[in-house]
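Subject: Structure handover

Hello,

Here is the structure you asked about. Please open it alongside this note.

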Amino acid sequence: MRCHVCRALSFAPLCRACRRELLNPDPKIRMLESGLEVLSLYAYEEIEPLLLTKHLPHGWATYRILAKESFRIFDKDAGGGMMAISVDDDPKDGYSHTAILARCLKKAGYRPLYGKLHAQNRISYAGQSKSFRLQNPRNFLYTGPANIKAVLVDDVVTTGLTLMEAHDTLARSGVDVIGAIVLADVDRE
Ligand SMILES: [Zn+2]
C-alpha cells in the first residue's frame, strides 16, 4: 500500500512524513457577507493534494485522517453538545465526505447530523464564476430537527455562497446556526 499523496510505501493512507508536513492547522475566521462566521483550519493550497484524493478509491480514508488529525486543535467540549450539520456533497461513492468530517467532530463535543441537508441542485461549481453560482443555487432541503443550535460543516469554502444558502435554509427551518467549520478556505489572505 502507498501514501495517497507522495506514493511512498506506507501502511496508512497518508504516510508519517506527509502528515507532519501537511497537517499543521492554522485556524482563521472569515466573516461572510451574511454575517456567518466560518472557521477554516488551512489555506486551500496547503492541503490541496489531500483534498484532491476525494474522488479516488479510498479517498474517504485520507479524509478521515485529515479530519481526525486536524480537529485535535479543538477542546474536548468545544461543541458543548451542539449539532454539527454536514453540507452534503454527492454521496455517489456510497458515503459523503462532509459526513466524515461531521462524525470526526464528535470528539470535540459536537453531535453529528448528516444526511439531513441535501443540495437538490448538484451542478458542479468547479471553475465557475460567482454569477454562475448565483444563477444556479444549490436549493437545499433540510429534513432534520428544528429548535436546535448547530454549526455547518463543509470541506472547502470558496465564495461562501453555498454556506450562506445552507445557513438560510436552516434558519428558515428553525435551526440556530452559530457558525461554520471547514477544512480549507480558498480565499485566505
Ligand atoms: Zn506521503
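How many bridges join strand 7 to strand 8, and do the two strands run parallel or antiparallel? Nine bridges join them, and they run parallel.

Two points before the rest. This is a predicted model, in which local features need pLDDT of at least 70, side-chain atom pairs count only at pLDDT 80 or more, and totals for chains, interfaces and linings use all residues. Residues are numbered from 1 along each chain as its sequence is written.

Helices (H or I, at least four residues) and strands (E, at least two) are DSSP runs, numbered from the N terminus.

**The sheet**

Two strands count as paired if DSSP finds at least two bridges between them. Angles here run from 0 to 180 degrees between N-to-C directions, and axes are lines fitted to C-alpha atoms, for helices over the stretch in contact.

- Strand 1 (residues 28-31) and strand 2 run antiparallel, joined by four bridges. Lys28 has Ser40 of strand 2 as its bridge partner.
- The hairpin of these two strands has five residues between them. Gly35 in that hairpin takes a positive phi near 100°.
- Strand 2 and strand 8 run parallel, with five bridges. Here Ser40 stands opposite Val182 of strand 8.
- Strand 3 and strand 7 run parallel, with four bridges. The bridge partner of Ala84 is Val151 in strand 7.

Strand 7 is mostly covered, with eight of its 10 residues buried. Buried means that 20 or more other C-beta atoms lie within 10 Å of the residue's own; 12 or fewer is exposed, anything in between is partly exposed, and C-beta atoms are placed from the backbone.

**Helix 2**

Which residues of helix 2 (residues 44-51) are buried? They are Ile47, Leu50 and Leu51. These residues sit on the same side of helix 2, because they cover an arc of only 85° around the axis. The arc is that of the directions from the helix axis to the C-beta atoms. The buried residues pack against helix 1 (16-22), strand 2 (37-43), helix 3 (59-70), strand 7 (148-157) and strand 8 (175-185). Contact means that the C-beta atoms of two residues, placed from the backbone, lie within 7 Å.

**Helices 3 and 4**

Helix 3 and helix 4 (residues 97-104) pack at an angle of about 30°, and their axes are 9 Å apart. Their crossing is right-handed. Helix 3 brings Trp60, Tyr63, Arg64, Ala67 and Lys68 to the contact. Helix 4 brings His97, Ile100, Leu101 and Cys104. The residues of this contact divide into six nonpolar, one polar and two charged. Ala, Val, Leu, Ile, Met, Phe, Trp, Tyr, Cys and Pro count as nonpolar, Asp, Glu, Lys and Arg as charged, and the others, Gly among them, as polar.

Why is helix 4 largely enclosed by the rest of the structure? Seven of its eight residues are buried. They are His97, Thr98, Ala99, Ile100, Leu101, Ala102 and Cys104. Their cover includes helix 3, strand 3 (83-86), strand 4 (111-113), strand 7 and strand 8.

**Loops and backbone**

Arg7 is in the segment before helix 1. Its phi is positive, about 70°, although Arg7 is not a glycine. Arg7 is exposed, with 9 other C-beta atoms within 10 Å.

Asn147 is in the loop between strand 6 (140-142) and strand 7. Asn147 also is not a glycine, yet has a positive phi of about 55°. Asn147 is exposed, with 8 other C-beta atoms within 10 Å.

Arg122 lies in the loop between strand 5 (117-119) and helix 5 (130-135). Arg122 counts as partly exposed, because it has 13 C-beta neighbours inside 10 Å. The C-alpha atoms of Arg122 and Arg138 are separated by 6.7 Å. Along the chain, Arg122 and Arg138 are 16 residues apart.

Best wishes

Key: A crossing is left-handed if the near helix is turned anticlockwise from the far one by less than a right angle, and right-handed if clockwise.
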